[in-house]
Amino acid sequence: MFYVFLMTSVLLILSWFLVLRSTGRLQSLEFNILPSSSLLAVAENENLAISSVISASVDREQATRKRNSRKCDANSQILKVFMHDLPSQFHFALLGWKGGGKTVWPDIQAEVPKYPGGLNMQHSIEYWLTLDLLNSEFSKNMSGRSAIRVRDSSEADIVFVPFFASISYNRSGGMEEVWGKDHVIVAHHPNSLLYARMKLWPAMFILADFGRYPMTVANVEKDVIAPYRHYIRSYVNDKSDYDSRPTLLFSGIYLQESCLPCICGICLGGMVRQELFYMLKNEKDVHFSFGNIKGDGIDKASQGMHSSKFCLNIAGDTPSSNRLFDAIASHCVPVIISDEIELPFEDVLDYSEFCIFVRTSDALREDFLINFIRNISKEEWTRMWRRLKEVEHFFEFHYPSQENDAVQMIWQAVSRKVPAIKRKVHKASRISQTIVPGEKGLISAPLPRNFG
C-alpha cells in the first residue's frame with residue numbers, strides 16, 4: 001500500500017512539473033520555421049517603399065498643417081478687444097473734453113484730448129490703451145499692432161473697460177456691475193477703485209504693483225503689471241560711457257504738496273529711503289536730488305540721472321515707483337531695493353541683465369550697499385548699460401503706438417493671460433446651463449472666503 005501511495009505521489013509531481021514547463025517562458029526557438037533571408041529582404045524592401053510613401057504623405061500633411069498654423073498664428077497674434085461705450089464722464093470728459101451730439105468718443109483723427117500733467121501722468125495707462133483701440137478702427141497700418149477693437153463682443157478675446165480710474169480715484173458710479181473674468185480694468189494708481197476693487201476682483205486688473213491688494217483680489221497669475229510713464233527726458237543719442245558719468249549713485253525724489261510730512265525731503269512712508277539717505281548722504285560720489293515736478297525738479301533729475309552710473313529705486317509706501325522707469329530712460333543702471341516688487345513683462349524680460357537687485361536687509365547693513373556698487377566692474381556696467389538701450393523702447397508710451405512699445409507690450413501681456421481666462425469662462429459655463437430661465441443671476445461678485 002505504501003508503494004502504491006509513493007508511486008502515485010511521484011507521478012503527480014512529474015505531471016505538475018510537465019504542466020508548469022509547458023506554460024513557462026519560451027526557452028528555445030526553432031529557426032527553421034522563420035522565413036528565409038531572401039524573403040525577409042523582399043519584405044524589407046516592400047516595407048521601405050510603403051514607409052517612404054507614408055513618410056512623404058505625412059511630411060506633406062505636416063507641411064500643410066504648418067502653413068495653416070502659421071496663418072492661424074498670424075491671425076491669433078492680434079488680440080480682439082470689445083470696448084464698452086461708457087458715457088464720456090468715465091473717460092475723456094475727466095480730461096475736460098466736451099463731446100457733441102450722441103457720440104461718447106472724441107474724434108481723435110481731428111484732435112487728441114491731452115492728459116493733465118502732474119504726478120498723475122505716471123499712471124495714465126488707461127488713456128494710452130483707449131487711444132490705441134480707437135486708433136485701430138481707422139488706422140491702415142497694422143504693422144506691430146497687438147490689439148484691435150471689435151464691435152461684436154462674441155468675437156472678442158477680452159472686454160476692455162475704458163474707465164480713467166487713475167484720475168478719478170474712488171469714483172465708480174455703477175462700475176461694480178461691469179465685472180467678469182474676461183473683463184480688463186486698469187487701476188494703475190494705487191488708490192484707484194479703492195472700494196470698488198473688492199467687487200470687481202474676478203476681472204483682470206492692470207496695475208502698478210500688488211502693494212495695496214490682498215492676494216485673493218489681485219495676483220500675478222490673474223493680473224498684469226504695467227510700467228509707469230516716466231518723467232525724465234529720454235536720453236536720445238546717448239554717447240556717454242562709464243568714465244563720462246561722474247556720479248556713482250543717484251537718487252531723485254519728487255515732492256508733492258499733498259505728501260505726508262517729510263524729513264529731509266523723504267516722506268515718512270518711505271522709512272527705508274530715509275535710512276539710506278542718512279547712511280549715504282556723506283559719500284562724495286552719491287547724489288540725492290529733491291524737487292517738485294512743477295518746478296525745475298524734472299530738469300535737475302534728468303541731468304543727475306544722465307550723468308550717473310547707477311540710480312537707486314527704493315520701495316516706499318508701495319513696492320514700485322516711477323524712479324525705475326526714469327532710470328531706464330536715462331540709461332542709468334537701476335539698483336532695486338524692494339523685496340516685494342513685481343516687474344512689467346518679467347515673463348519675457350530678464351531684468352537681471354540690466355538691473356541690480358539688493359535685499360532690503362542687506363542694503364541697511366553698514367557700508368554694504370556702497371561697497372557692493374563700487375565693486376561692480378566697468379565691463380559689467382557697460383554690458384548692462386548697452387542692454388538698457390536695447391530694452392528702453394518697451395517702456396515708452398506713444399500715440400500712435402509703435403511696435404513693441406509700452407502700449408503693445410501691455411496688450412501682449414494681456415494676450416498671454418487669455419487662455420487661462422477662457423478656461424475659467426468655459427468652466428463657469430457648465431453651471432450657467434443649469435440656471436432656471438427668468439432667474440436673476442449675480443450682478444456682483446462675493447468676496448473671496450479667505451479675504452481678510
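At 57% relative accessibility, Asp 347 counts as exposed (over 50%; buried is under 20%, partly exposed in between, with a 1.4 Å probe and protein chains only). The model is predicted: local features need pLDDT of at least 70 and side-chain atom pairs pLDDT 80 or more, while totals for chains, interfaces and linings use all residues. Residues are numbered from 1 along each chain as its sequence is written, and side-chain values use heavy atoms, without hydrogens and water.

Asp 347 forms a salt bridge with Arg 416, with closest N and O atoms 2.6 Å apart (the rule: a side-chain nitrogen of Lys or Arg within 4 Å of a carboxyl oxygen of Asp or Glu). This pair links distant parts of the chain, 69 residues apart: Arg 416 in helix H11 and Asp 347 in the loop between strands S12 (333-337) and S13 (356-357) (DSSP runs numbered from the N terminus; helices H or I, at least four residues, strands E, at least two). Arg 416 is partly exposed, at 35%.

## Other salt bridges

The count comes to 19 salt bridges. Lys 422 and Asp 157 meet at 3.3 Å, N to O. Lys 422 lies in helix H11 (residues 406-432) and Asp 157 in the loop between strands S2 (147-149) and S3 (158-161), so the pair ties together parts 265 residues apart in sequence. Asp 157 is buried, at 19%, whereas Lys 422 is partly exposed, at 35%.

## Confidence

The mean pLDDT (the predictor's confidence in each residue, from 0 to 100) of the protein chain is 79. Over residues 19-75 pLDDT stays under 50, and the model has two contacts there beyond four places in sequence (heavy atoms within 4.5 Å).
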